[in-house]
Amino acid sequence: MSKKVDLSIDFLGVHCENPFFLSSSPVCHNYEMIAKCFDLGWGGVFYKTVGINGMNECSPRFDNVRKEDIGWVGFKNMEQISEHCWQENAEIIKRLKHDYPTKVMGVSIMGANEEEWALLAREMTKAGADMLELNFSCPQMTSHAMGSDVGQTPELVEKYTRVVKENTNVPVIAKMTPNISHMEVPSKAAVKGGADAISSINTIKSICNLDLENVTGMPVVNGKSSISGYSGAAVKPIALRFLAQLKMDKDLANVPVSGIGGIETWQDAVEFLLLGAENLQVTTSVMQYGYRVVEDMKDGLEIFMLEHGFTSLRDFIGKALPNIIPCEDLDRDFQIIPEIHDDLCVRCGRCAISCYDGGHQAIEIEKGTRKPLITDKCVGCHLCLNVCPVLGAITPGFIKFKPGRTPHDVVIKHTYDR
Amino acid sequence: MTKVRQLPYGELAENGLNIRLAMEEATRCLLCDDAPCSHDCPAGTDPGRFIRAIRFRNFKGAARIIRENNILGATCAEICPQERLCEKACSRCGIDKPINIGRLQAFAMSMEKDMKFQVLEAGKPCGKKVACIGAGPSSLAVAAELAKKGVSVTILDENEKAGGVLRYGITPSRLSDDVIDQDIKAVTDLGVKIVLNKHVSKDDLCALMAEYDAVYVGVGQSASKMIPNMKGADLKGVDTALPFLKKARIANGKIGDLGNVVIIGGGDVAMDCASTARQCGAKSVTVSFVETWETMPASKKEVDYVVDLGVTIIPAFKPLEVIGDDKVSAVKLAAMEGNSSMTLDADTVIFAVGQKVSDDYKDIKADGKLFVGGDAALVRGATVVEAVKSGKEIAEAIAKFLQI
């Protein structure tokens, strides 16, 4: 192809061949795994969180949420940080950095006190980390001096960030927990302590399913279960929300963010980039499908950029932010009445059921023909469009202005492809 | 409800998938490790890879993956016998039924039409010129591969439209003009010139060889075979497969009253004759062949398709004679085993018993700067996907000869 696009980006001054990184998690905890992911084209990793000692893990430790025939809508994980001690991890990191000098080795670390944070920062920097990510957010630690309990306490976030900054010369990223109403608060504390960037989000505290056989949660660990982190496609909307809020906060607007949360496709990636993320992290889809998911992320992103005339990621990073506005500022002058396309409609009546039971009783089914007809009661909520099983059978139709409002141009969505 | 499918001539036998339906089918794919489907394409297409691209919503990427490997990717999606190639090995068979790889490939290729960039690009001009005779699958594949290497290629074809057997030998319900045109556009986008209505006889080859650095003869098997010494073969109403199909295509199915039609032959071409006769308004259509249900060469997909259209199939009978005075009135058939025989009323009899190279190019051999390939070099015709494979190989040989 003659017109090449550039997927590389300098994140915190570190050149990344593409924005796709593995997030600190079960997918990157030893040499072989990370070597394979680099070979398959990932730009870098955030090495699974290094602590002072290895963890003592439970079995089993995973569960997933299904919806009808689709599994892994969401994923629950009870694993904690690295199972190796920091000395072993330092060796692995050194080897990887030596063998893959152009790949980016972010290293996630987590201490229980200032001394531990300082030691880990020093040693991982010495081992060759290109950047350090501070794990203030793992929701399933067996110690309450670590993980999301820390991330919910701005004073600790600031203090530990400062200690790390004093013990390293590489960029420092604070990884935040979504188990909090305002992530901006601990994020500002991290920035105050010297953090160069924010990673968002870590997993969401969850109980995915109850096991009726043992009357406990899933997974069943000797008859018991625990609250632990939820991830995957189901959390993407929450991750995008946190990302937008960070980028729209005037004090944080210029703080780079590494986006995390349910990224499976290039479209997901573009969504995070449009909301201002400059780096992207992935775990759950790798656990389900393997490192190869990066191939279509890169390929699809390249095609998206080619077709939109973008040559570098910065051409569109943050481009959607001005279009996310407070609810009170939305234009509420009109109703877009849906149009039902008779040639595609299969007469299932689902639109009418949902409209009656969840909307405004505005769809009548014609006797005999079973044809759905939209009546004057329609308020333009588009529940019918959302529930219709036939792609394209219901689309936005005419724009009706509310009484007393002045008609004006309205931007509408035309293509529905899901 | 009628038990017989009504399908007007030229109307598509299968509708394309939209994004939602393609996602449903791609979601059935198990995304296997070392996917077995990816080992079974003669042209080296990698269904495991392009289905994964669809699954991860990289639709145009899927089209690019297919196109980069197979210049006739849209055509192959429609007419490949997937059930005996890629789909045969599908791991999903262990659960229920294989992934519909052909439909997914067709979906991916439909996304190529919306692309705002060209997937394939011509190589840097190397100063060499090659002529390809015939605009069928083999020439198209050779031409595309050479153009990618920077060769200036001209295709010469005697017909009004390019595509050869794709255009004139396969029913448009299975392979539409749109799909053929899409693949041909991928070839011409590479700078390949196609000169139509230009018959090149064997005698013209010398002049061509003087003008071009190499000449490729990819004329295919454009003549129909006939059973030797078949009694009644010269009666009015007796035809052979390719002329019949071409006539129907040119007249868009309006070829007059066929009456009761009997087709002799058990391959895909015979099935295409059967569906075409049916769609052209034949009163009845019967297909008979010497093979059994197990050994008949037609793909199961094609047999199922003609049965749906109401065609009667009689395996393991051989034709003894065509009966009639001036015009055919019946065909006499005898069982391959035992003593059964039958006489079928017939107003039209079509022999679809194989194709051959036209007499003009009979026994043509490669020599120096003259290359011969595709079905023209074979005893028995091959599938389109095999033509793509051999086209790539011939292009390599020509490139080697041209020292590029």
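The model is predicted, so local features need pLDDT of at least 70, side-chain atom pairs count only at pLDDT 80 or more, and totals for chains, interfaces and linings use all residues. Residues are numbered from 1 along each chain as its sequence is written, chains are lettered from A and ligands numbered from 1 in the order in which they are written, and side-chain values use heavy atoms, with hydrogens and water left out.

**Cysteines**

Start with disulfides (pairs of cysteine sulfur atoms within 2.5 Å). Select A:Cys58: its nearest cysteine sulfur, in A:Cys138, is 12 Å away.

**Cis peptide bonds**

Select A:Ser59 and A:Pro60. A cis peptide bond joins them, with omega about -10 degrees. A:Pro60 sits in the loop between strands S4 (44-50) and S5 (62-67) of chain A. Strands (E, at least two residues) and helices (H or I, at least four) are DSSP runs, numbered from the N terminus.

Next, pick A:Met218 and A:Pro219. Their peptide bond is cis too, with omega near -5 degrees. Look for A:Pro219 in the loop between strands S13 (216-217) and S14 (228-231) of chain A.

**Positive phi**

Jump to A:His382. Its phi is near 75 degrees, a positive value in a non-glycine residue. A:His382 is buried, at 13% relative accessible area.

Finish at B:Asp363, with phi near 65 degrees. Is B:Asp363 buried or exposed? It is exposed, at 59%.

Note on methods: Buried < 20%, exposed > 50% of the residue type's maximum accessible area, 1.4 Å probe, protein only.
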